[in-house]
Each structure stands twice: as structure tokens, then as C-alpha cells.
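User: I am new to this structure and would be grateful for a close look at its aromatic pairs and their surroundings. Please give one connected account.

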Amino acid sequence: MSFVIRGLDPSQFEHLVGAPADVLARGGVIRRVADSKPGFPCRVSLEDAEPGDTLLLLNHESHRAATPYRSAYAVFVNESAREAALYENEIPPVMRARPIALRHFDSAGMLIGASLALKGDSREAILAAFEN
């Protein structure tokens, strides 16, 4: 079984990059400066930001299905990220050193399972989810 992990499309955040703080605040977005690594995982590049990088902290709808499992949460987007990362059958750097909660949805957007991948176990957990 093969899989693809793709970063978010940066074009959906272009209007926020470099925007003044008051404009960001109207949309519930906060600009943060990375002060450590790891700690600021960019959902576009799928890498941890370098200290000194500026990121946008915003709410992102990750599961848009018209079901009770529709989901949104806070994510970081590095203001310098210009291209969505693409990993085929490989785990992105941002996921390698963190525990990852995996939710498994069917084609109708309904939750059919969940698993927790500990540090270094993400690939195996993804493959096991697809086997189920």
C-alpha cells in the first residue's frame, strides 16, 4: 500500500502573509516568531520553523465533511513557505519526532477508526490504518 502526505496549499494564506497585525486580528490570526526548534510545525512545508522565522497561527478546517466529525483546529503556517511539501511513501520531517494521532475516515467522511503513532512509528501506523 502506498500513501501521500501533502502540505496545505500556500495560496489560501497568501492574503495573510505580511498583513498588519490589526488585519490579522480581525480574522483571528496571530503572527508568532519561532523561538525554538522544534516547536513551530508549518503545515505547508511540513518542517519545523527555524528560530526567527515568522509564522501565522490560525484556525484551519482540516475535515470539511458534512458530518458530526467536521473538524478545525489551530495550525502554524510559515510566512516564507511558498510551496506545499509532497512526500510519497515517506514521513515528513515534522512528523518524525512527534507522536501523531491518526483519524481514519471513510469516503462519506465518517470516522471508522483512530490510532496513535509514537515517535518514529508513523509510517507503520499509516500502513496499518490502510490495511484495516
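Analyst: The count of aromatic pairs comes to 2, where rings of Phe, Tyr and Trp (its six-membered ring) pair if their centres lie within 6.5 Å; planes under 30 degrees apart count as stacked, over 60 as edge-to-face and the rest as tilted. One of them joins Y69 and F105: the ring centres are 6.5 Å apart and the planes stand at 65°, so this pair is edge-to-face. Y69 lies in the loop between strand 3 (54–63) and strand 4 (71–78), and F105 lies in strand 6 (residues 100–105), so the pair ties together parts that are 36 residues apart in sequence. Strands are DSSP runs (E, at least two residues), numbered from the N terminus.

The model is predicted: local features need pLDDT of at least 70, side-chain atom pairs count only at pLDDT 80 or more, and totals for chains, interfaces and linings use all residues. Residues are numbered from 1 along each chain as its sequence is written, and side-chain values use heavy atoms, with hydrogens and water left out.

Y69 is partly exposed, with a relative accessible area of 34%, and F105 is partly exposed at 28%. Here buried means under 20% relative accessible area, exposed over 50%, and partly exposed in between (1.4 Å probe, protein chains only).

Y69 also belongs to a nonpolar surface patch with M110 and L111, and together they have about 230 Å² of accessible area. Accessible areas come from the Shrake-Rupley method with a 1.4 Å probe; for residues, only the protein chains shown count as cover. L111 lies in strand 7 (residues 111–117) and is partly exposed at 32% relative accessibility.

Note on methods
Helix = DSSP H or I, 4+ residues; strand = E, 2+ residues; numbered from the N terminus. Patch = residues over 30% accessible without salt bridge, like charges linked within 9 Å, V, L, I, M, F, W, Y side chains within 5 Å. Salt bridge = Lys/Arg side-chain N within 4 Å of Asp/Glu carboxyl O.
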